[in-house]
Amino acid sequence: MARLIYVMDPMCSWCWGFAPVQQRLAQLAEQHGVPCEWRVGGLRRGGAPLEPAKREAILHHWHAVAEATGQPFQHQGALPEGFIYDTEPACRALVAVGALAPELQSAYAAAVQRAFYAQGQDVTAAPVLADVAAELGIPRIEFVDQFDSAACRAATEADFAWVEQLGIAGFPTLLAEDQGRLALLTNGYQPLTALQPLLERWLAQVAPNA
(Lines give C-alpha, C1' and ligand atoms only; values in the text may rest on other atoms or scores of the structure.)
Protein backbone atom coordinates (compact mmCIF):
# COMPACT_ATOMS: atom_id res chain seq x y z
CA MET A 1 0.00 0.00 0.00
CA ALA A 2 1.24 3.46 -0.88
CA ARG A 3 1.47 6.12 1.80
CA LEU A 4 3.06 9.41 2.70
CA ILE A 5 5.12 9.55 5.89
CA TYR A 6 5.45 12.94 7.50
CA VAL A 7 8.39 13.22 9.90
CA MET A 8 8.16 16.25 12.15
CA ASP A 9 8.40 17.68 15.63
CA PRO A 10 5.60 19.85 17.04
CA MET A 11 8.20 22.26 18.47
CA CYS A 12 10.18 22.59 15.23
CA SER A 13 9.63 26.09 13.86
CA TRP A 14 10.09 25.06 10.24
CA CYS A 15 7.46 22.36 10.78
CA TRP A 16 5.07 25.09 11.91
CA GLY A 17 5.98 27.02 8.79
CA PHE A 18 5.41 23.91 6.69
CA ALA A 19 2.04 23.04 8.26
CA PRO A 20 -0.19 24.56 5.54
CA VAL A 21 1.91 22.93 2.82
CA GLN A 22 1.76 19.52 4.51
CA GLN A 23 -1.99 19.79 4.99
CA ARG A 24 -2.55 20.54 1.31
CA LEU A 25 -0.26 17.73 0.17
CA ALA A 26 -1.98 15.28 2.53
CA GLN A 27 -5.37 16.31 1.15
CA LEU A 28 -4.14 15.78 -2.39
CA ALA A 29 -2.79 12.33 -1.54
CA GLU A 30 -5.97 11.31 0.26
CA GLN A 31 -7.99 12.28 -2.81
CA HIS A 32 -6.03 9.53 -4.57
CA GLY A 33 -6.58 7.03 -1.77
CA VAL A 34 -3.10 7.47 -0.32
CA PRO A 35 -3.01 8.11 3.45
CA CYS A 36 -0.50 10.28 5.30
CA GLU A 37 1.06 8.82 8.44
CA TRP A 38 3.00 10.76 11.04
CA ARG A 39 6.31 10.10 12.76
CA VAL A 40 7.75 12.31 15.49
CA GLY A 41 11.42 13.17 15.42
CA GLY A 42 12.50 14.28 18.88
CA LEU A 43 14.20 17.54 17.91
CA ARG A 44 15.38 18.33 21.46
CA ARG A 45 15.06 16.04 24.44
CA GLY A 46 15.57 17.06 28.05
CA GLY A 47 18.38 19.50 28.58
CA ALA A 48 18.97 22.58 30.66
CA PRO A 49 17.19 25.95 30.67
CA LEU A 50 17.98 28.06 27.61
CA GLU A 51 20.91 30.40 27.96
CA PRO A 52 20.22 34.00 26.83
CA ALA A 53 22.39 33.69 23.71
CA LYS A 54 20.64 30.49 22.67
CA ARG A 55 17.25 32.06 23.28
CA GLU A 56 18.12 35.03 21.08
CA ALA A 57 19.37 32.72 18.33
CA ILE A 58 16.14 30.73 18.37
CA LEU A 59 13.97 33.85 18.30
CA HIS A 60 16.01 35.20 15.38
CA HIS A 61 15.33 31.89 13.63
CA TRP A 62 11.61 32.28 14.31
CA HIS A 63 11.66 35.66 12.55
CA ALA A 64 13.22 34.01 9.51
CA VAL A 65 10.56 31.28 9.45
CA ALA A 66 7.77 33.84 9.81
CA GLU A 67 9.18 35.91 6.95
CA ALA A 68 9.61 32.90 4.67
CA THR A 69 6.28 31.20 5.37
CA GLY A 70 3.83 33.81 6.65
CA GLN A 71 2.96 31.72 9.70
CA PRO A 72 2.21 33.71 12.87
CA PHE A 73 4.66 33.89 15.78
CA GLN A 74 4.35 35.63 19.12
CA HIS A 75 7.80 36.90 19.94
CA GLN A 76 7.04 39.04 22.98
CA GLY A 77 7.51 36.98 26.12
CA ALA A 78 8.45 33.86 24.15
CA LEU A 79 10.83 31.33 25.70
CA PRO A 80 10.83 32.91 29.19
CA GLU A 81 13.75 32.66 31.58
CA GLY A 82 14.22 29.10 32.80
CA PHE A 83 12.41 27.54 29.84
CA ILE A 84 13.63 24.04 28.99
CA TYR A 85 13.16 23.40 25.27
CA ASP A 86 12.23 19.72 25.62
CA THR A 87 10.17 18.49 22.67
CA GLU A 88 9.58 14.94 23.95
CA PRO A 89 6.28 15.73 25.74
CA ALA A 90 4.75 17.37 22.66
CA CYS A 91 5.94 14.49 20.49
CA ARG A 92 4.48 11.97 22.93
CA ALA A 93 1.22 13.88 23.01
CA LEU A 94 0.96 13.59 19.23
CA VAL A 95 1.59 9.84 19.48
CA ALA A 96 -1.09 9.62 22.18
CA VAL A 97 -3.64 11.32 19.96
CA GLY A 98 -2.65 9.03 17.11
CA ALA A 99 -3.57 6.07 19.31
CA LEU A 100 -6.83 7.57 20.59
CA ALA A 101 -8.16 9.42 17.55
CA PRO A 102 -5.88 9.17 14.50
CA GLU A 103 -8.29 11.26 12.43
CA LEU A 104 -7.50 14.19 14.77
CA GLN A 105 -3.73 13.82 14.73
CA SER A 106 -3.14 16.49 12.08
CA ALA A 107 -5.52 18.93 13.77
CA TYR A 108 -3.90 18.26 17.13
CA ALA A 109 -0.40 18.88 15.79
CA ALA A 110 -1.53 22.18 14.28
CA ALA A 111 -3.23 23.17 17.54
CA VAL A 112 -0.11 22.42 19.59
CA GLN A 113 2.04 24.36 17.14
CA ARG A 114 -0.34 27.32 17.22
CA ALA A 115 -0.46 27.24 21.02
CA PHE A 116 3.34 27.34 21.22
CA TYR A 117 4.30 29.66 18.41
CA ALA A 118 1.33 31.99 18.02
CA GLN A 119 -0.06 32.03 21.57
CA GLY A 120 3.05 31.64 23.71
CA GLN A 121 1.81 28.63 25.68
CA ASP A 122 4.20 26.16 27.29
CA VAL A 123 3.58 22.96 25.36
CA THR A 124 6.27 21.12 27.30
CA ALA A 125 3.70 21.00 30.13
CA ALA A 126 1.36 18.01 30.24
CA PRO A 127 -1.68 20.05 31.43
CA VAL A 128 -1.37 22.36 28.43
CA LEU A 129 -1.14 19.40 26.06
CA ALA A 130 -4.22 17.90 27.71
CA ASP A 131 -6.07 21.20 27.34
CA VAL A 132 -5.38 21.22 23.61
CA ALA A 133 -6.66 17.65 23.31
CA ALA A 134 -9.82 18.52 25.23
CA GLU A 135 -10.47 21.46 22.91
CA LEU A 136 -10.60 18.96 20.04
CA GLY A 137 -13.08 16.77 21.87
CA ILE A 138 -10.70 14.15 23.24
CA PRO A 139 -11.71 13.39 26.85
CA ARG A 140 -9.03 14.76 29.13
CA ILE A 141 -8.81 11.64 31.31
CA GLU A 142 -8.39 9.41 28.25
CA PHE A 143 -5.64 11.63 26.89
CA VAL A 144 -3.77 11.78 30.20
CA ASP A 145 -3.98 8.01 30.68
CA GLN A 146 -2.64 7.40 27.18
CA PHE A 147 0.01 10.13 27.42
CA ASP A 148 1.36 8.71 30.69
CA SER A 149 1.22 5.06 29.60
CA ALA A 150 4.29 2.91 29.11
CA ALA A 151 2.98 1.95 25.68
CA CYS A 152 2.86 5.59 24.56
CA ARG A 153 6.35 6.26 25.86
CA ALA A 154 7.62 3.18 24.03
CA ALA A 155 5.87 4.14 20.80
CA THR A 156 7.39 7.61 20.97
CA GLU A 157 10.86 6.19 21.50
CA ALA A 158 10.26 3.80 18.61
CA ASP A 159 9.49 6.76 16.35
CA PHE A 160 12.66 8.52 17.48
CA ALA A 161 14.69 5.37 16.79
CA TRP A 162 13.09 4.86 13.35
CA VAL A 163 13.86 8.43 12.36
CA GLU A 164 17.43 8.15 13.60
CA GLN A 165 17.93 4.83 11.83
CA LEU A 166 16.92 6.41 8.53
CA GLY A 167 19.47 9.16 9.13
CA ILE A 168 16.90 11.94 9.07
CA ALA A 169 18.59 14.88 10.75
CA GLY A 170 16.25 17.73 9.84
CA PHE A 171 12.55 18.46 9.93
CA PRO A 172 10.13 18.67 8.27
CA THR A 173 10.76 15.61 6.14
CA LEU A 174 8.15 14.12 3.81
CA LEU A 175 8.61 10.61 2.46
CA ALA A 176 6.61 8.71 -0.13
CA GLU A 177 6.46 4.93 0.28
CA ASP A 178 5.23 2.34 -2.21
CA GLN A 179 5.81 -1.40 -2.04
CA GLY A 180 8.24 -0.83 0.82
CA ARG A 181 10.36 1.60 -1.21
CA LEU A 182 10.90 5.07 0.21
CA ALA A 183 11.31 8.21 -1.87
CA LEU A 184 12.25 11.58 -0.41
CA LEU A 185 9.89 14.40 -1.34
CA THR A 186 11.56 16.96 0.88
CA ASN A 187 13.96 17.30 3.78
CA GLY A 188 13.35 20.83 5.00
CA TYR A 189 10.82 23.50 4.17
CA GLN A 190 9.76 23.99 0.57
CA PRO A 191 6.72 25.85 -0.72
CA LEU A 192 3.68 24.10 -2.14
CA THR A 193 4.56 25.22 -5.65
CA ALA A 194 7.76 23.20 -5.50
CA LEU A 195 6.34 20.06 -3.91
CA GLN A 196 2.91 19.65 -5.45
CA PRO A 197 4.24 18.73 -8.93
CA LEU A 198 6.57 16.14 -7.37
CA LEU A 199 3.73 14.59 -5.40
CA GLU A 200 1.39 14.60 -8.39
CA ARG A 201 3.93 12.73 -10.52
CA TRP A 202 4.42 10.15 -7.78
CA LEU A 203 0.67 9.75 -7.26
CA ALA A 204 0.17 9.22 -10.99
CA GLN A 205 2.49 6.21 -10.74
CA VAL A 206 1.19 4.64 -7.53
CA ALA A 207 -2.44 5.69 -7.15
CA PRO A 208 -3.80 2.78 -9.24
CA ASN A 209 -2.12 0.44 -6.77
CA ALA A 210 -2.99 2.44 -3.66
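The predicted model contains an open sheet of four strands with mixed pairing, in the order β2-β1-β3-β4. Strands here are DSSP runs of E of at least two residues, helices are runs of H or I of at least four residues, and both are numbered from the N terminus. Two strands count as paired if DSSP finds at least two bridges between them. The edge positions are taken by β2 (36-40) and β4 (181-187); each has a single partner strand, so one side of each is left without a neighbour in the sheet. From one strand to the next, the twist averages 25 degrees.

This is a predicted model, in which local features need pLDDT of at least 70 and side-chain atom pairs count only at pLDDT 80 or more, while totals for chains, interfaces and linings use all residues. Residues are numbered from 1 along each chain as its sequence is written, and side-chain values use heavy atoms, with hydrogens and water left out.

Strand β1 (residues 3-8) runs parallel to β2 and is joined to it by five bridges. Cys36 in β2 is the bridge partner of Leu4. Strands β3 and β4 run antiparallel and are joined by six bridges, with Ala176 opposite Ala183 in β4. These two strands, β3 and β4, form a hairpin with two residues between them.

Two helices are described against the sheet. Helix α1 (residues 13-31) lies across β1, β2, β3 (173-178) and β4, and runs at about 170 degrees to β1. Helix α7 (residues 150-166) packs on the sheet and touches β1, β2, β3 and β4, its direction making about 95 degrees with that of β2. Axes are lines fitted to C-alpha atoms, for helices over the stretch in contact, and angles run from 0 to 180 degrees between N-to-C directions. Contact means heavy atoms within 4.5 Å.

In total the chain has eight helices and four strands, following the pattern β-α-β-α-α-α-α-α-α-β-β-α along the sequence. Its radius of gyration is 17 Å, close to the 17 Å that the globule rule gives for 210 residues, so the chain is as compact as a globular protein of that length. That radius is taken over C-alpha atoms, and the globule rule is 2.2 Å times the number of residues to the power 0.38. Among contacts between residues at least 6 apart in sequence, 74% join residues at least 24 apart.

Buried residues make up 46% of the 210 residues in the chain. Buried means under 20% relative accessible area, exposed over 50%, and partly exposed in between (1.4 Å probe, protein chains only). The largest nonpolar core has 68 residues, of which Trp62, Leu79, Tyr85, Tyr108 and Phe143 touch the most other members. A nonpolar core is a set of buried Ala, Val, Leu, Ile, Met, Phe, Trp, Tyr and Cys residues joined through side-chain atoms within 4.5 Å. Helix α1 supplies the largest share of this core, nine residues. Not counting residues up to four places away in sequence, Phe143 touches residues including Ala93, Tyr108, Leu129 and Ile138.

The peptide bond from Phe171 to Pro172 is cis, with omega near 0 degrees; Pro172 is in the loop between α7 and β3.
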